[in-house]
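Colleague: I would like to go through this model with you and hear what stands behind each term you use.

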Amino acid sequence: MENQFNSSFFGEEDKIDVKQMIRQYLSHWPWFVIAVVVALLSAYVYLRYAPRIFETHSKIKVLDESEGLELPTSAFVFKRTNINLENEIEIISSFLIMERVVRELNLNTVFYEEGTIQTKQIEALPLDFNQIILPDSISKTLSYKVLVTDKGFKVTNLDTDKVINFNEHTTYTTDHKLPFNLSLKDQIPFSDIVDTAYNIVFTTVKGATLSLKSRIVVEAIGDRSDILKLSIKGESKELSENILNTLTTVFDNDGIKDRQLVSKRTIDFIDTRFKLLAGELDSIEINRQGFKEDNNIVDIRTDAELGLQQRTKSEEEVFALENQLELSNLLINSLKSDAESDLLPANIGIENVSINALISEYNTAVINRNKLVSSGGENNPMIQLAVSEVQNLKSNIDRSLKTYSTQVKASLNQLKSKNRRLTGRVSQIPEQERLFKAIDRQQKIKESLYLLLLQKQEEAAINLAITEPSIKVVENALSGVRPISPKSTIVYAGALLAGLLIPFGVLYLIFMLDTKLHSKEDIVDLTSKIPVIGEIPDLKKKKDLIFNDPNDRSPLAESFRILSSNVDYILPVKDGEKGKVIYCTSTIKGEGKTYVSLNLSLALSSINKKVLLIGADLRNPQIHTHISEDKQKPGLSNYLHDVDYNWKDALISGFEKHPNHRIILSGSIPPNPAHLLTNGRFKKLIEEAREEFDYVVVDTAPTILVTDTMLISQLADATIYIARANYTEKNLLKFSKELSESGKLKNMAYVINSVGANKSQGYGYNYGYGYGYGSGDNT
């Protein structure tokens, strides 16, 4: 049941014989050996002269710029960095950073040293090199070759093949249009560079930058690390190390410059504001000065207090003058209303010494008069004199009081006017204070802003001076001791693999495109019902292809003995002693049916059997070529055409050592072979031959070309179908299969001719007789 399932699921064409495939390829082991040897030699030559590529790497740690104490974040809790390394990688590998490195190291100028076989890149020339052309002036690639000779320099423009010879080892003393100047270095021995050629290649800054950008590899070391690894591959270790170190410096300076840029812009802004604030402060100071001068202000608070004090004092003085005036009026009224004997009040507050003295003198005179009047008569001269004295003093007092009153009034008016001024001035103080405060406030604001900016300027200057680096160099550029390319183990392994795969691929293509039959397996893959009873080797020798000697032990003789034995197994068992009829046919011409039929008949004859070989291929007879007979010798066609011709007259004994072997040639080529084969005489011949011979071997025509074989196929006891290795197309086997399955060919079996002719297919056969099969061509 399982076999039935497998046979239904997998077709016959899907079966693969692995051992056969391995034998098929291993039979061509010389090609594999040659390919492997060539590949290994090529690998050796490549390793000998290939440029050595070294890998250089450096490591940097990107510093966190965060400052101060911060609350724990998720990054802190989970121990992740706050730095976005992807951004840092993009920055460090950006075109802008790479361009700065190119310009700093002048990487758009490349130097090479020519060797006997290879040219390698070097960091710098062993000469004093001075580039004249500016990097930005290079718009296309310029190439020059410098040869150091005994006499001087020989410079060749590789783009135009123009040669400039310098008769001394310097280019400074000669006018030229080269983009550089050269001279010898004192430190370099001349013998080390003489007869050495160097190439100088100028490229554009953009091209050099893009090239460097493609070579630099920046990657993070681990998922939680702040460290970046920078690597580059190149021939010159020194140049690669300079590139990485410069790249690190440029990247660090770029980060520092970004932070310094804030400080610089702050300082620039403050300087600009200083100029504006200085002008504004000067204007405010001038306005303040003018306001004080216009309003006669020294200090508004002091002025306010002084004004209040002056006002109070002025009011007190007014009050005092008014009192003096009232007292003066009181005394005047007293003088007018008082009698002669009435005394005037003394020391009532009049602040006039002369009036007080007059009043005192008046009172004394009044008292003296009153004493005299009391003691004498009115006509007493002394009394009259005393009365006169009182009157005079009274008049003096009156005049003095009036004069004093007038003076007091004048002073009072002045004080009142002054008081009014003081009152007005004090009343203006709030408004002046408001205006002055506005001016003072502006001044204070500008001064505080000025001081703040001054402080910020100092802070910015300090930050500018002590700007921290943006990275920490963990490891400076370091090149490996051994080159990473080429790697001998990988190159040799690749060469070995290529040496095996290339012939394998070629053979695979040959096998895949090959549609020829090569072995028994090709027939078995097509049909397992039709047996393969013989495989005839293809011998290298072109002679001795006929089984002449019955005692021959050659591979050819043994192969046909095996075939004759196998033929007996497919022949049907019949009653009586009549001979067996064996047809030998093929699909197309050239597959060796005549060759097989002739040798098969001789193999049967070698075991003391009577054998008749009939050449039934009337259109292209070939048997006569093997026995050196005339092609026109009477044979089968003559018998079939002439009813009076006896077939026994056409019998030939072609081989002396095979006395039981007879041959009937095809005879003259008739115009109508098919008609002759169906007229009944061929059947009569077969029946009569059965009585005379043990085996009748018939060499028939190819089946796919003509119908001759089909017309007489029913007379055969067995049909041997010949297929030639490396000649017969596989698709032609389907035709023979259909002939067998349809019954058009009776008891058919395959014989493969010329097996082993093509060694590329890998079929080597050995039957134990110590022979191997070479190439040959059997007809």
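Colleague: What makes you say that strand β2 and β9 are joined, and how do they run?

Modeller: Five bridges join β2 (residues 109-114) to β9, and the two run antiparallel. Two strands pair if DSSP finds at least two bridges between them, so five bridges meet the condition. One of the partners is T109, which is bridged to F202 in β9. Before we go on: this is a predicted model, in which local features need pLDDT of at least 70 and side-chain atom pairs count only at pLDDT 80 or more, while totals for chains, interfaces and linings use all residues. Residues are numbered from 1 along each chain as its sequence is written, and side-chain values use heavy atoms, with hydrogens and water left out.

Colleague: Which strand is joined to β9 by six bridges?

Modeller: Strand β5 (residues 142-148), which runs antiparallel to β9. There, S143 stands opposite V201.

Colleague: Why is β9 called mostly covered?

Modeller: Six of the six residues in β9 (197-202) are buried, and buried means under 20% relative accessible area (exposed is over 50%, partly exposed in between; 1.4 Å probe, protein chains only). A197, N199 and V201 lie on one side, Y198, I200 and F202 on the other, and all are buried, so both faces count as covered.

Colleague: How many helices and strands does the chain have, and how do you know where they lie?

Modeller: The chain has 22 helices and 20 strands. Helices (H or I, at least four residues) and strands (E, at least two) are DSSP runs, numbered from the N terminus.

Colleague: What is the order of the strands in the open sheet?

Modeller: The order is β10-β11-β1-β12, with antiparallel pairing. The edge strands are β10 (217-220) and β12 (471-479), because each pairs on one side only. Between β1 (residues 54-62) and β12 there are six bridges, and H57 stands opposite L478 in β12. Helix α5 (residues 85-92) packs on this sheet, touching β1, β10 and β11 (227-234).

Colleague: What describes the packing of helix α3 against helix α13?

Modeller: Two packed helices are described by the angle between their axes and the distance between the axes. For α3 (residues 29-49) and α13 (residues 488-513), the axes come within 8 Å and cross at roughly 145 degrees. Axes are lines fitted to C-alpha atoms, for helices over the stretch in contact, and angles run from 0 to 180 degrees between N-to-C directions. Contact means heavy atoms within 4.5 Å. Among the residues that meet are W31, F32 and L40 in α3 and V491, Y492 and L500 in α13. The residues of this contact divide into 18 nonpolar, two polar and no charged. Ala, Val, Leu, Ile, Met, Phe, Trp, Tyr, Cys and Pro count as nonpolar, Asp, Glu, Lys and Arg as charged, and the others, Gly among them, as polar.
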